[in-house]
Amino acid sequence: MTALLAWLRRDLRGAISLGFLAAITLLAVLAPVIAPYSPTTQNIAEMLAEPSAAHWLGTDDLGRDVLSRLLIAIGASLYASVLAVTVGSAIGIPIGFVSGFVGGWLDEGISRVIDTLLSFPGIVLAVGVTGALGIGLTNGMIAVGIVFSPTLARLARAQTLVIKHDLYVDAARCFGASPWRIIRRHIVPNAIQPVIVQLTLLLAMGLLAEASLSFLGLGVQPPTPSWGAMLARAYGYMEIAPEQMYAPGLAILFTALAFNALGESLRVALDPTMRRR
């Protein structure tokens with residue numbers, strides 16, 4: 001961990017992305033305090049107002065302050081992204097480790113299921129699962145987590161297939177270690193690094209998935225704000241008030257880029273061969 005923090009201090013890209021994400025998280029915590037207006041209070045007299053001293057980012061089609069809604073929406077968007085990755089990790093990573101270590105008919109069957117799930121377009125599968133679970137942010141992101149799980153399972157399985165034939169694993173087996181102990185003490189610690197990088201990249205994908213589902217009306221429901229829901233409402237007024245799309249669109253863009261940049265930085269930091277380059 002000390003070496004990783006030292007690498008991030010030397011890596012400008014990683015430091016900037018981590019700092020940006022820390023600032024976003026802090027804003028999510030402080031949003032109820034620093035938001036200048038209630039995110040749900042309507043004022044029809046000021047609908048679609050341009051940015052001004054009173055409303056720094058203007059107002060939406062119901063006269064609600066865009067800045068206040070943008071700040072409050074950070075919490076919902078980050079919650080959605082973390083929930084999707086958590087669900088995907090809880091399902092996919094253990095399955096991948098067990099499948100790769102056990103092998104045989106179990107590995108063959110799990111691999112076929114993974115291939116079948118990966119053959120579906122992600123957003124289509126997420127919409128289908130959301131329809132089965134019910135509309136809402138939590139159900140929508142559980143669906144996205146299920147979509148993420150095959151990718152994580154395949155990565156964990158691939159790492160396990162390489163590591164389980166190493167000498168230290170054979171030595172542990174010869175000393176009578178149980179399969180569970182071998183997985184827990186030898187496989188997981190040595191295979192988890194690329195999985196961590198993938199999780200960071202999936203956080204960005206989770207953010208985009210929440211925006212997509214909310215845009216389709218399957219995610220956050222009114223009047224609760226989220227960046228995707230704000231973008232969906234602004235799309236209807238794109239011709240007369242295009243500035244309504246800028247704030248939520250740029251928030252999604254920069255946060256997703258920060259997650260991706262942090263993932264790339266972690267990939268280099270955790271790979272000794274790439275550090276030497």
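Predicted model: local features only at pLDDT ≥ 70, side-chain atom pairs only at ≥ 80, totals over all residues.
Residues are numbered from 1 along each chain as its sequence is written, and side-chain values use heavy atoms, with hydrogens and water left out.

Glutamine 244 lies in the loop between helix H9 (227–235) and helix H10 (246–270), where helices are DSSP runs (H or I) of at least four residues, numbered from the N terminus. With a relative accessible area of 8%, glutamine 244 is buried; buried means under 20% relative accessible area, exposed over 50%, and partly exposed in between, for a 1.4 Å probe and protein chains only. A polar atom of its side chain lies 2.6 Å from the backbone oxygen of threonine 59. Beyond its neighbours within four places in sequence, glutamine 244 is in contact (heavy atoms within 4.5 Å) with residues including Thr59 and Asp60.

Aspartate 60 in turn forms a salt bridge with arginine 64, their closest N and O atoms being 2.9 Å apart; the term means a side-chain nitrogen of Lys or Arg within 4 Å of a carboxyl oxygen of Asp or Glu. Aspartate 60 is buried at 7%, and arginine 64 is buried at 4%.

The structure holds seven salt bridges, and a network of them links Glu108, Arg112, Asp115 and Arg154. Arginine 154 forms a salt bridge with aspartate 115, with 2.3 Å between the closest N and O atoms. Because arginine 154 lies in helix H6 (residues 137–163) and aspartate 115 in helix H4, this pair ties together parts that are 39 residues apart in sequence.

Definitions and conventions: Helix = DSSP H or I, 4+ residues; strand = E, 2+ residues; numbered from the N terminus. Polar contact = N/O pair within 3.5 Å; in protein donor to acceptor, adjacent residues only side chain to side chain.
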